[in-house]
Amino acid sequence: MSQENKLTLRCAKENEMIFTFTPSHQLIMQTGCVGFLRGDFGTGDEFYTSWFDAASVRNTPEFKSEFNEVVTALRDDPQYKGILRNIYDMKMLCATRPQSKMPDRLREHCYAFRADTQKHTYLLRLFPFQSDYNFYMYAYQREPFEHHLKNAEKGIRFIKSDYTPLFTIADGGKIEVTAFNGEKTTHTCRYIDDYHLEVGRNLYHICEFAERMESVGSKVEPKVGEKTLNKKSQDRSDSR
């Protein structure tokens with residue numbers, strides 16, 4: 001790696017792990033997602049990959065040059081433990097970094113790491129076993145990604161239509177919706193900003209979502225076992 005593109009590698013934190021999955025168009029725009037590399041090691045030592053653009057305008061010659069340096073370093077530079085060299089080195093790295101294991105609620109038997117250069121962040125989801133695919137490597141422009149990640153730490157607020165607070169869950173957390181007839185459905189939620197969220201792939205203003213649930217007589221609660229965030233009550237009487 002060049003000095004300008006100096007690379008750091010560490011285990012991903014739980015709030016970063018959710019960015020090792022393909023984000024919605026809204027989140028692609030907000031987080032500076034460039035695209036992702038999907039790959040596998042074949043029988044163990046091969047290296048087969050495919051690149052998928054998320055926002056082609058960001059896939060500039062400058063980015064491509066850096067990305068190639070990063071992949072080469074993660075394969076060949078011993079300081080990165082051969083994380084992308086072969087399935088054996090990947091398996092050893094994951095086994096010796098148990099803090100990189102993803103919670104089963106996100107994805108079973110997978111591990112996540114974060115690599116950073118000055119301008120970009122790379123989130124890797126690893127499956128160090130014989131399978132169709134052994135890794136996904138998502139590339140983000142570092143500044144917008146970190147800005148969004150910091151804001152998302154506030155969590156996702158759920159309210160009544162009059163802005164009375166109900167509960168707050170972490171970005172990527174799950175809710176359970178109970179319909180008037182007792183039928184229950186579970187949805188993964190993503191933070192967009194303080195007043196907008198995604199429920200599944202649908203984008204809502206938090207008040208709009210509350211109104212929709214109330215209009216059909218549905219009850220919204222955190223999924224059983226889902227952590228809620230303790231936040232001081234704030235006056236949310238505005239209608240942004």
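**Reading cores, sheet and salt bridges in a predicted model**

Q: Which residues have the most contacts inside the largest nonpolar core?
A: The largest nonpolar core has 27 residues, and those with the most contacts inside it are Leu74, Leu84, Phe113, Tyr122, Leu124, Leu126 and Met137. Such a core is a set of buried Ala, Val, Leu, Ile, Met, Phe, Trp, Tyr and Cys residues joined through side-chain atoms within 4.5 Å, where buried means under 20% relative accessible area, exposed over 50% and partly exposed in between (1.4 Å probe, protein chains only). This is a predicted model, in which local features need pLDDT of at least 70 and side-chain atom pairs count only at pLDDT 80 or more, while totals for chains, interfaces and linings use all residues. Residues are numbered from 1 along each chain as its sequence is written, and side-chain values use heavy atoms, with hydrogens and water left out.

Q: Which elements each supply at least two residues of this core?
A: In soluble globular proteins, nonpolar side chains tend to be buried together. Here, at least two core residues come from each of strand 2, helix 3 (61-76), helix 4, strand 4, strand 5 and strand 6; helices (H or I, at least four residues) and strands (E, at least two) are DSSP runs, numbered from the N terminus. Helix 3 gives the largest share, six residues. A second, separate core of 21 residues includes Phe158, Val199, Tyr204 and Phe209.

Q: What is the strand order of the open sheet?
A: The six strands run in the order 1-4-5-6-2-3 with antiparallel pairing, two strands being paired if DSSP finds at least two bridges between them. Strand 1 (8-11) and strand 3 (48-53) are the edge strands, each pairing on one side only. Within the sheet, strand 2 (residues 33-40) and strand 6 (residues 135-141) are joined by six bridges in the antiparallel sense, and Cys33 stands opposite Tyr140 in strand 6.

Q: Which side of helix 5 is buried, and which residues are they?
A: An α-helix has 3.6 residues a turn, so residues three or four places apart point the same way. In helix 5, the buried residues are Phe145, His148, Leu149 and Ala152. They cover an arc of only 100° around the axis (taken from the directions from the helix axis to the C-beta atoms), which puts them on the same side of helix 5. Glu143, His147 and Lys150, on the other side of helix 5, are exposed. The buried residues pack against helix 1 (14-17), helix 2 (25-31), strand 4, strand 5, strand 6 and strand 10 (184-193), contact meaning heavy atoms within 4.5 Å.

Q: How many salt bridges does the structure hold?
A: The structure holds 18 salt bridges, each a side-chain nitrogen of Lys or Arg within 4 Å of a carboxyl oxygen of Asp or Glu. In one of them, Asp116 pairs with Arg142, with the closest N and O atoms 3.9 Å apart. This pair links distant parts of the chain, for Asp116 is in strand 4 and Arg142 in helix 5, 26 residues apart. Asp116 is buried at a relative accessible area of 7%, whereas Arg142 is partly exposed at 26%.

Q: Where do Arg212 and Glu208 lie?
A: Both lie in helix 6 (residues 206-215), four residues apart, about one turn of the helix. Arg212 counts as partly exposed at 43% relative accessibility, and Glu208 is partly exposed at 27%. Elsewhere, salt bridges that share partners join Arg10, Glu16, Arg114, Asp116, Arg142 and Glu146 into one network.
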